[in-house]
Amino acid sequence: MYSEKVMDHFSKPRNVGEIKDADAVGQVGNAKCGDIMKMYMKIENDIIVDVKFKTFGCGSAIATSSIATEMIKGKTIKEAFRLTNRAVADALDGLPPVKMHCSVLAEQAVKTAIYNYAQKNDLYFEELEGFDPDDLECHH
Amino acid sequence: MKRVYLDYAATSPVKDEVLKEMLPYFSDVFGNPSSVYSYARESKKAIDKARDIVATTINAKAKEIYFTGSGSEADNWAIKGVASALKNKGKHIITSKIEHHAVLHTCEYLEREGFEVTYLDVDENGFIDLVDLENSIREDTILISIMYANNEIGTILPIKQIVEIAKRKSVLVHTDAVQVYGNILIDVIDLGVDLLSLSAHKIYGPKGVGALYIKRGTKINSLIYGGAQEMKKRAGTENIAGIIGFAKAAELAIENIEEHATKLKKLRDKLIEEITKTIPHIRLNGDPIKRLPGNVNICFKYIEGEALLLSLDLVGIAASSGSACTSGSLDPSHVLMAIGLTHEIAHGSLRLSIGDFNSEEDIDYVLEKLPEIVQRLRDMSPLYEEVIGGN
């Protein structure tokens, strides 16, 4: 059902954990849905110098969280905005159609964390235009 | 790698004795039983004998046993067949919210066809309220279909009492006994049921064969039309090898039922006791006592079932879950919802179903691996973080 890449990231997830003094924290999903993704970032000079995650969810939710953190670590905020759910799924050599919502969740978790960072620091990013974490819904 | 199969409620392997019995009926004895020559008579004789054996295992008459293609077909036939035969008498059916989909989806189909269905609620252990059942029976109620034991949570329902209530109002009773067969001795006379579904592959017989017990005199229409097979009630050339295998498996299961149930219960209780002792934040689903001998169903809070199954599979353990992610739907299992679990808790369910080929070592292996797997997933879970008071 899952690619080797998914199983690799599920069984050996990268960047699991919390960052105590995180500059950005974003949590998406809910327990009713069956997936919750929480992302922590350390940001210095617009660069995501560290990122960690915690996820409640199925194998693909854990794998997408893991690879998403890998894909944005060391990148600028602008670059992180360009992380699409498609790119996350492709990096995992694909996801079963019913699991595509997990990759959407990963994209949203990254965006929500940066939204939190922008709010805290009173920053403006055009990529966040119209984005409101409270409006997100289950993507099953 | 060590492999441990703990999904016997899903299916079981065919026992050697059963396979041996079946093999000649693929090649040596192949005649179509409906024909007149000696080849046909051999097949016919074998099927008659198999029907006798299966009938004996549930204290029925051979003429009351109709072989089908599966337990699901037996469920479909019982409900659709009675509904269509009695539709002029009434169009109301009573069932429960925890039935197998073979029953629930059949009832939903009948609703679209103009029947009315009452889906009885169950309590936190999966029992229907018998007063509720009695009050639900109407003038136009034609059938009550309640499972003998639930496939997910293992709760055994009081079928005899259900039949007593139904009989007072002259309503037919069907029960899906697929999970019970071979685990608890079934006596259709004592139970008093009118229709009862069985399946071969849960009792170490082949897949693709089941049976419906139809009490003599019960009004039921056919599901499959065609030839005169199965006493003109179920057309289709018989799955001879399957039927022979079914009978052998049934015979073995009933012969060893006490020993089998005692062994399974011992392993089941060890699993439940040890998991309860070593892993916090869990919930045992289903009745602790009135429970199938091989069923363990536990929710592990703060983690999700599919991740748990994948992790177990990585160490060679095969199990199942009522998590939404394993069913491909938005909601977790309808059974776990019906017993009142929240989505959040139901997502973390694990069913381990024990069978004849499991040993104490298998159980010890699970008990060795499970705590660390649950802990690893909890350490990754933001829900658990809230509980243990992280930031």
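A residue counts as buried if 20 or more other C-beta atoms lie within 10 Å of its own. The close-up views described below are taken from a predicted model.

**View 1. Strand β8 of chain B is mostly covered.** Five of the five residues of β8(B) are buried. In a regular strand the side chains alternate between the two faces of the sheet. In β8(B), B:Gly210, B:Leu212 and B:Ile214 point one way, and B:Ala211 and B:Tyr213 point the other way. Strand β2 of chain B, residues 65–68, pairs with β8(B) in the antiparallel sense over four bridges. Within this pairing, B:Tyr66 has B:Leu212 of β8(B) as its bridge partner. Strand β7(B) also pairs with β8(B) in the antiparallel sense, here over five bridges. The bridge partner of B:Leu198 in β8(B) is B:Ala211.

View 2. B:Tyr204 lies in the loop that links β7 (195–199) and β8 (210–214) of chain B. With 26 other C-beta atoms within 10 Å, B:Tyr204 is buried. B:Ser170 is placed in the loop between α6 (159–168) and β6 (172–176) of chain B. B:Ser170 counts as exposed because it has 9 C-beta neighbours inside 10 Å, and the exposed class covers residues with 12 or fewer.

**View 3. Helices α10 and α15 of chain B pack at an angle of about 20°.** Two packed helices are described by the angle between their axes and the distance between the axes. Helix α10(B) spans residues 257–278 and helix α15(B) spans residues 360–379, and their axes are 10 Å apart. The angle therefore makes α10(B) roughly parallel to α15(B), a term that applies to angles under 35 degrees. The crossing of α10(B) and α15(B) is right-handed. On the α10(B) side, the contact is made by B:Leu267, B:Lys270, B:Leu271, B:Glu274, B:Ile275 and B:Thr278. On the α15(B) side, the contributors are B:Glu360, B:Ile363, B:Val366, B:Leu367, B:Leu370 and B:Pro371. By class, the residues of this contact comprise eight nonpolar, one polar and three charged.

**View 4. Helices α3 and α4 of chain B cross at roughly 30°.** The axes of α3(B), residues 71–85, and α4(B), residues 101–112, come within 9 Å. The crossing angle makes α3(B) roughly parallel to α4(B). The crossing of α3(B) and α4(B) is right-handed. From α3(B), B:Gly71, B:Ser72, B:Asp75, B:Asn76, B:Ile79, B:Lys80 and B:Ala83 take part in the contact. These residues meet B:Ala102, B:Val103, B:Thr106, B:Cys107 and B:Leu110 in α4(B). The contact of α3(B) with α4(B) has six nonpolar, four polar and two charged residues.

**View 5. Three strands of chain A form an open antiparallel sheet.** Strands of a sheet pair through backbone hydrogen bonds, either parallel or antiparallel. The strand order in chain A is β1-β2-β3. Strands β1 (24–30) and β3 (47–56) of chain A are the edge strands, each pairing on one side only. From one strand to the next, the twist averages 15°. Strand β2(A), residues 35–44, pairs with β3(A) in the antiparallel sense over nine bridges. A:Met37 stands opposite A:Thr55 in β3(A). Helix α2(A), residues 59–72, lies across β2 and β3 of chain A and runs at about 175° to β3(A). Helix α5(A), residues 100–121, packs on the sheet and touches β1 and β2 of chain A. The direction of α5(A) makes about 145° with that of β1(A).

**View 6. Chain A and chain B are in contact through 21 residues of chain A and 22 residues of chain B.** On the side of chain A that touches chain B, α1 (4–11), β2, β3 and α2 of chain A each supply at least two residues. The largest share of this side, three residues, comes from β3(A). The side of chain A that touches chain B has nine nonpolar, seven polar and five charged residues.

How values were computed:
Residues numbered from 1 in each chain as written. Chains lettered and ligands numbered in written order. Predicted model: local features only at pLDDT ≥ 70, side-chain atom pairs only at ≥ 80, totals over all residues. Axes fitted to C-alpha atoms, helices over the stretch in contact; angles between N-to-C directions. Parallel < 35°, antiparallel > 145°, perpendicular 65-115°, else oblique. Left-handed = near helix turned anticlockwise from the far one by under 90°. Contact = placed C-beta atoms within 7 Å. Nonpolar A, V, L, I, M, F, W, Y, C, P; charged D, E, K, R; others polar. Pairing = 2+ DSSP bridges.
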